[in-house]
Each structure stands twice: as structure tokens, then as C-alpha cells.
Amino acid sequence: MGQKPLGDFDGKLALITGGSRGIGRACALALAQRGAAVVIGYGSNQPAAAETLELIAAAGAKGSAIPFDVADSSAASEAIEKVIAEHGRIDVLVNNAGIAIDALVMRIKDEDWDRQLNANLRGPFALIRAVARAMIKQRRGVIINIASVVGETGNVGQAAYSASKAGLIGLTKSVARELGSRNIRVNAVSPGLIETDMTSKLTAQVRTRMLEAIPLGRLGSPLEVANAVAFLASDAASYITGEVLKVNGGMHM
């Protein structure tokens, strides 16, 4: 009783990393359409970031963008400080930015292992560490980490990527335990095969084989992941923390 409906994010500020395209852009729009002001973090694709901001404006919401490398802990902390200085608060943090460099375990280069772990795990950790202080002062906040089905199942040729996403799930659960008493909820969304730039590179043969493993028989859309993020960010999910919400069409149950 007394909770705001799912669509009411009025007065709230969301920061979404990797927000210029794909799942990040869908998350930005989903929250903007529900009334949130949105800051998108992006690496180097300024034109894509500008497109996302235009879509946010078209949804009738306030949007801004901040370029920084999530793999750089100092840059991540500075980005949080800048957003808080400009907006006074961060109510929702969505750690979406990440990279994948596929290689069999015997062929993974140290630098490629480090790049994936830094972007996919160290980056979210640095952002959580920085935003936690602000959320504790606010006495409320929501953190959502975008994991992956391969962080739960493993995958051939993705040892580093799978390890980083499995680590992200462990980070989610640990931080949920630490910050729960401060009214800060921490959850993960674990997408399966989603129609993004990453999956568009799959061959027809690989795509067919993968579809056979999905009970719903199709790839998911970024919007379907974003809807899960919007739910977890909302007051409708006020008693949910430390959870991994699977959005994978039944690929992994």
C-alpha cells in the first residue's frame, strides 16, 4: 500500500552505463518513458549517444550524457561525482557496459583477459563503491547489474567473459547483503541471446543451433531486458534484492 506504480519514476535520476546503444539504450528509454531523468555513460560513440538523447527528449524526459571508460576505476568514480554534483542525487545505477573477446582458454591473451575483467567486473565494482556513499546519504537507491546467461552456464570460447559475468553475480549478492540495511536494493538481470550488435555477428548455422536450445524459439529484444530492469528499479520490486532475474526465453532455468 502507498507504493508508486511501476510507471512513476518522477523526480528520480538514473545513470546507465553503455547507454548509447543496444540494451543500454533500451534501458535508458524504458526509464525515461516512466518519468526518470536519465544520464547515459558511454565510451567513444558520441553520435550514438546523441541519438539516444534525442529519443529520451522525444519521450518527454530530461537526458544528458557523460563519456568515460568504465574499466578505469578513477574515471568511474569521477563520473559518479560529476553526476551527483550536477543533479544532486543518483537513484538508479544500471551497470550495463561491457565487452566480449572470444577465444578458447588455451589461446586467451593476458591482455584480453584483463580487458574483459576490468570492463565487466572491476568497472561495475568501482561505480558501486562510488555511488554507495551517495545512496547511503539518501537512505535509498537501486543498483542493477547486467549479467549474462553464460555467467550462469559457461560457454565455449568465452572463459573470460563468463568468468566476469559470474563474478558480477557474486558481486551483486554480496553488495545486496551489505547495503540492504540502508534501504539500497541490488539485483542483476541475466539476459540470454538478445538481438544486439554482438549477436548480429553470429552465422546462420550458429544462430539455428542456439535457437534450438531456447524453449520460446527466438532471440529476445533489448526492450524485453529493459522492461525487467524497469521493474527491478521500481517500487513494485521494493522487497526484491540479491536476485538474478533471468531474461533468456527458458534457455537456462
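A residue is called buried when its relative accessible area is under 20%, exposed when that area is over 50%, and partly exposed in between. The model discussed here is a predicted one.

**Two loop residues with positive phi**

With a relative accessible area of 48%, R139 falls between those limits and is therefore partly exposed. R139 belongs to the loop between helix 4 and strand 5 (141-146). Although R139 is not a glycine, its phi is positive, at about 65 degrees.

N183 also has a positive phi, near 65 degrees, and is a residue other than glycine. The loop that holds N183 runs between helix 6 and strand 6 (184-191). N183 is partly exposed, because its relative accessible area is 43%.

The table sets these two residues beside two others that are treated further below.

| Residue | Relative accessible area | Class |
|---|---|---|
| R139 | 48% | partly exposed |
| N183 | 43% | partly exposed |
| V175 | 10% | buried |
| I40 | 0% | buried |

**The chain as a whole**

The protein contains eight helices and seven strands. Its radius of gyration is 17 Å, close to the 18 Å that the globule rule gives for 253 residues, so the protein is as compact as a globular protein of that length. Along the principal axes, the C-alpha atoms fill a box of roughly 50 × 40 × 35 Å.

Of the 253 residues, 49% count as buried. The accessible surface amounts to about 12200 Å², and carbon and sulfur atoms account for 53% of that surface. Among contacts in the protein with a separation of 6 or more, 73% are between residues 24 or more positions apart.

I40 is situated in strand 2 (residues 37-42). Its relative accessible area is 0%, so I40 is buried. Leaving aside residues up to four places away in sequence, I40 touches I16, G19, S20, A28, A49, T52, L53, I56, S64, A65 and I66. A separation of 23 Å lies between the C-alpha atoms of I40 and L245, which are 205 residues apart along the chain.

V175 is placed in helix 6 (residues 159-179). V175 counts as buried because its relative accessibility is 10%. When residues up to four places away in sequence are not counted, V175 touches I128 and V186. I128 is 47 residues from V175 along the chain, and the C-alpha atoms of the two are separated by 8.6 Å.

**Empty space within the protein**

Rolling a probe the size of a water molecule over the atoms shows where empty space is left. How many cavities of 30 Å³ or more are there? The count comes to one, and the volume of the largest cavity is about 30 Å³. The lining of the largest cavity is made up of T17, V70, N95, N96, A97, A119, G123, P124 and L127. Helix 4 (residues 110-138) supplies four residues, the largest share of that lining. By type, the lining of the largest cavity comprises five nonpolar, four polar and no charged residues.

The second largest pocket holds about 200 Å³ of space. Its lining has 13 residues, of which R140, V142, N183, R185 and D235 lie nearest the centre of the pocket. The lining of the second largest pocket divides into three nonpolar, five polar and five charged residues.

Definitions and conventions
Residues numbered from 1 in each chain as written. Predicted model: local features only at pLDDT ≥ 70, side-chain atom pairs only at ≥ 80, totals over all residues. Heavy atoms only, no water. 1 Å grid on protein atoms, 1.4 Å probe; cavity = no way out; pocket = protein on both sides within 12 Å on 5 of 7 lines; lining within 4 Å. Points joined across faces, edges and corners; volume = space filled by probe spheres on them. Nonpolar A, V, L, I, M, F, W, Y, C, P; charged D, E, K, R; others polar. Buried < 20%, exposed > 50% of the residue type's maximum accessible area, 1.4 Å probe, protein only. Contact = heavy atoms within 4.5 Å. Rg over C-alpha atoms; globule rule 2.2 N^0.38 Å. Areas by Shrake-Rupley, 256 points an atom, 1.4 Å probe, with all protein chains shown as cover.
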